[in-house]
Amino acid sequence: MEINATLAVQWIEKTNEKIQENKEYLTSLDRPIGDGDHGLNMSRGFKEALEKVKAGNYPTPADVFKDVAMTLVSKVGGASGPLFGTAFLKMSVATAGQQVLNESAFVKGLEAALDGIKQRGKATTGEKTMVDVWEPVVEWLQDNGFEPEGLLAEAEGAMNATKNLTATKGRAAYFKEKSVGHIDAGAASSYYVFAALAEVLGG
Ligand code: ADP
Ligand code: MG
Ligand code: MG
């Protein structure tokens with residue numbers, strides 16, 4: 001598995017495709033235990049991010065991730081903008097200067113992204129947030145190496161598992177036990193990020 005700047009742009013393109021297709025669904029997840037804007041936030045952010053990186057000519061994946069990060073932070077109002085923005089920024093810093101990322105370099109980038117999300121949101125696993133997808137997926141990649149079907153299954157299982165959790169971070173935390181029974185919106189959008197990765201690297 002190798003990622004160059006072109007493939008990094010393809011990852012963003014595929015992620016954007018999934019986010020746009022599932023915009024209403026993401027919003028419907030955020031409605032009962034949030035403020036019903038997650039689909040809108042993510043669709044606006046990734047549309048702008050894709051426009052930005054498609055127009056660029058990037059020497060490294062890190063340069064792509066940096067522009068994605070800046071766009072998400074500046075265009076997405078909600079909690080998810082700074083969190084996904086931090087993820088892509090940390091990925092950029094961790095992979096800086098490398099024209100091609102091999103599997104180990106890329107997984108290091110994802111590890112840095114996860115750490116960034118956790119630091120920024122002060123959340124750990126089990127709090128019903130995007131961390132509950134990012135952490136198991138990154139650990140799965142560390143243990144198993146890249147394999148598209150396994151990655152997809154891990155991300156999907158982790159997303160679905162947020163349904164049984166009680167939210168203790170973000171807006172959903174106001175709903176306390178009433179948050180049980182709903183998939184976390186940011187966990188679902190994180191699933192699309194990893195599903196896009198599996199498709200781009202697997203196909
Ligand atoms: P907002 O809650 O500001 O309306 P969004 O609806 O776009 O923002 O994003 C909500 C998602 O952000 C949640 O579903 C959750 O996954 C994630 N989130 C919120 N707060 C945190 C946090 N402190 N740490 C990690 N993720 C968080
Ligand atoms: Mg919201
Ligand atoms: Mg909001």
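Which residues are the closest to ligand 1, and how many surround it? Before I answer, a word on what we are looking at: this is a predicted model, in which local features need pLDDT of at least 70 and side-chain atom pairs count only at pLDDT 80 or more, while totals for chains, interfaces and linings use all residues. Residues are numbered from 1 along each chain as its sequence is written, and chains are lettered from A and ligands numbered from 1 in the order in which they are written.

To the question, then: ligand 1 is surrounded by 24 residues, and the closest are Gly78, Gly121, Thr129, Gly170 and Gly186, where being near means that the C-beta atom, placed from the backbone, lies within 6 Å of the molecule. Two or more residues of this shell come from each of helix H3 (38-55), helix H5 (80-94), helix H6 (103-121) and helix H9 (185-202), with helices (H or I, at least four residues) and strands (E, at least two) being DSSP runs numbered from the N terminus. H9 gives the most, namely three residues. By class, the shell has eight nonpolar, nine polar and seven charged residues; Ala, Val, Leu, Ile, Met, Phe, Trp, Tyr, Cys and Pro count as nonpolar, Asp, Glu, Lys and Arg as charged, and the others, Gly among them, as polar.

H9 also packs against helix H8 (residues 148-161), at an angle of about 175° and with the axes 9 Å apart; axes are lines fitted to C-alpha atoms, for helices over the stretch in contact, and angles run from 0 to 180 degrees between N-to-C directions. H8 and H9 are therefore roughly antiparallel, the word for angles over 145 degrees. On the H8 side the contact (C-beta atoms, placed from the backbone, within 7 Å) involves Pro148, Leu151, Leu152, Ala155, Glu156 and Met159, which meet residues of H9 including Ala187, Tyr191, Phe194 and Leu201. This contact has 12 nonpolar, one polar and one charged residues.

Turning to the whole protein chain, we have nine helices and two strands, in the order β-α-α-α-α-α-β-α-α-α-α from the N terminus on. The radius of gyration, taken over C-alpha atoms, is judged by a globule rule of 2.2 Å times the number of residues to the power 0.38; with 203 residues a compact globule would have a value near 17 Å, which agrees with the 16 Å of the protein chain. Finally, 49% of the 203 residues are buried, that is, have 20 or more other C-beta atoms, placed from the backbone, within 10 Å of their own.

How values were computed. A residue is buried if 20 or more other C-beta atoms lie within 10 Å of its own, exposed if 12 or fewer, and partly exposed in between; C-beta atoms are placed from the backbone. Angles under 35 degrees count as roughly parallel, over 145 as roughly antiparallel, 65 to 115 as roughly perpendicular and the rest as oblique. Two residues are in contact if their C-beta atoms, placed from the backbone, lie within 7 Å.
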